[in-house]
Amino acid sequence: DISYFSFDLGEVSRQTPELISSMFKELSKGFEDRSLKPMEHKVFSIRESASAFRYMAQAKHIGKIVISTQDIPLIRADAAYLITGGMGALGLKVAEWMVDEGARNLVLMGRKSPSDETARIIEQLSDSGAQITVANGDVSSESDMKAIFEKIQPSLKGIIHAAGVLDDAMIPDQTPERFEQVMMPKVAGAWNLHQLTEDKDLDFFVMFSSAASIIGNSGQSNYAAANAFLDALAHFRHNKGLPATSINWGHWADIGMAASQRNRGSRLEGQGIRGIKTENGLAILKKILYEKPVQICVLDIDWQTYLSSIPVQTAFFSQLVRTEEIRQPEIIDKLRQTAIEQRSGILLEVIREFAGKVMGYEASLQVNVREPLMDQGFDSLMAVELRNRLSQIIGKTLPVSLLFDYPTLEKIRDFILIEVLDMNEDRQIKVEEK
Ligand SMILES: NC(=O)c1ccc[n+]([C@@H]2O[C@H](COP(=O)([O-])OP(=O)(O)OC[C@H]3O[C@@H](n4cnc5c(N)ncnc54)[C@H](OP(=O)(O)O)[C@@H]3O)[C@@H](O)[C@H]2O)c1
């Protein structure tokens, strides 16, 4: 006795997203432990599409028929490709990867001449048979870009826009100049590339954006805004029928602007964001070039840890993790269950551990509890991060000026215990005396 029911999966996921989420979790577990197997499928190259349809019409198939574009070379030997920021860390890695994939004409552009190490890599690439042109110029200058495009030979088929600079600072320390220098390569630069290639028949126009424009990052207001422009430009170009992809990369673990910043990796790890290994980043780039999404975020993140580390959860995040799954503060219970005279010691240890993590210290190194944090190497970004993490663990929003008003760990501890949690010894004793 078999019954058939028809339903619209799209409608189900709109009406009961939690059902779809729990089904996905269950299915992923099944695929991981191999109790579930993907459906049978037969793959045809896109060149054999006619045969694929014939095969389907003859009803010879079991499961799915897949038409694959993967055997069409992404990168052509008879075309040229431009990489802006091509002598930077990611740009150069992409150049090496493209040569491996068969590129024979690459133009690497940047404002400065290549360093000795970069020149050595470029020489190696040239020795392997590729023509590598170093083009000096500023991507935000229309005349520089016009001159570069005029010289590109053979015909340009793809662009990787990887030029960018960082100038992180909290908003009070931002200036129009600092904002401008971060915006220029991304905004004016991407716009120049767009305008000057509108009439060219490109296979790809890929912009290296950042996860900062999706989930934000302390001290990166200028960088988030600059990358948001790339994201918007991708959609604008797509609507015009032009190739466009904006990749919101998380931080690359071993190379590039994030890896070179002190403590950046360990700070982000503490927020549940792991770095992207170079080989994984390049494999993902290849997949993206095949699939051509308009915008895609590549982020290795544990959402629960991340959401526990930020003070405010927006509606955007509520779509990703159910609020009841976000870990609730345990420290409050622990303090309540502890004898009053031991509370300050316990809280101080917790605060000290977090301060150490924010500073990227090894477990064996301890932050001094009496010396002002700023004298121990804390900067304003770290101050905000510590305040955010402490707000999260105690479940209360602490003032933005926490570290300025209470510069040492002991002072922060006393403020939290007395003013915020109302759990100090004196008060308790007075209540008991009454
Ligand atoms: N590394 C990461 O973890 C990460 C994560 C997310 C997104 N991204 C994005 O990926 C791209 C590459 O990052 P990266 O880590 O490779 O940085 P990088 O090593 O600093 O390289 C960036 C390159 O851009 C060039 N550049 C900057 N301004 C320019 C301008 N106005 N005109 C032409 N070239 C310019 C710089 O060379 P000159 O100074 O010589 O001009 C530099 O070589 C950036 O756009 C970045 O925002 C990186």
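Strand 8 (residues 245–249) and strand 10 pair in parallel over four bridges; strands here are DSSP runs (E, at least two residues) and helices are DSSP runs (H or I, at least four residues), both numbered from the N terminus. Two strands are said to pair if DSSP finds at least two bridges between them. Within this pair, Asn248 stands opposite Cys297 of strand 10. The structure is a predicted model, in which local features need pLDDT of at least 70 and side-chain atom pairs count only at pLDDT 80 or more, while totals for chains, interfaces and linings use all residues. Residues are numbered from 1 along each chain as its sequence is written, and side-chain values use heavy atoms, with hydrogens and water left out.

Turning to the ligand, 29 residues surround it, the closest being Arg111, Asp138, Lys186, Tyr223 and Met257; a residue is counted if one of its heavy atoms lies within 4 Å. This shell has 15 nonpolar, ten polar and four charged residues, where Ala, Val, Leu, Ile, Met, Phe, Trp, Tyr, Cys and Pro count as nonpolar, Asp, Glu, Lys and Arg as charged, and the others, Gly among them, as polar. Helix 4 (89–100), strand 4 (105–110), helix 7 (176–197) and strand 7 (204–210) each supply at least two shell residues, and strand 7 gives the most, with three.

Oxygen atoms of the ligand lie 3.2 Å from a backbone N or O atom of Gly88, 2.9 Å from a backbone N or O atom of Ala89 and 2.8 Å from a polar side-chain atom of Lys112. Taken alone, the ligand exposes 870 Å², of which the protein buries 90%; accessible areas come from the Shrake-Rupley method with a 1.4 Å probe.

Two backbone details are also worth a look. The peptide bond from Gln153 to Pro154 is cis, with omega near -20 degrees, and Pro154 lies in the loop between helix 6 (142–151) and strand 6 (156–161). Arg34, although not a glycine, has a positive phi of about 65 degrees.

How values were computed: A polar contact is a pair of N or O atoms within 3.5 Å; within protein, one must be able to donate a hydrogen and the other to accept it, and residues adjacent in sequence count only if both atoms are side-chain atoms.
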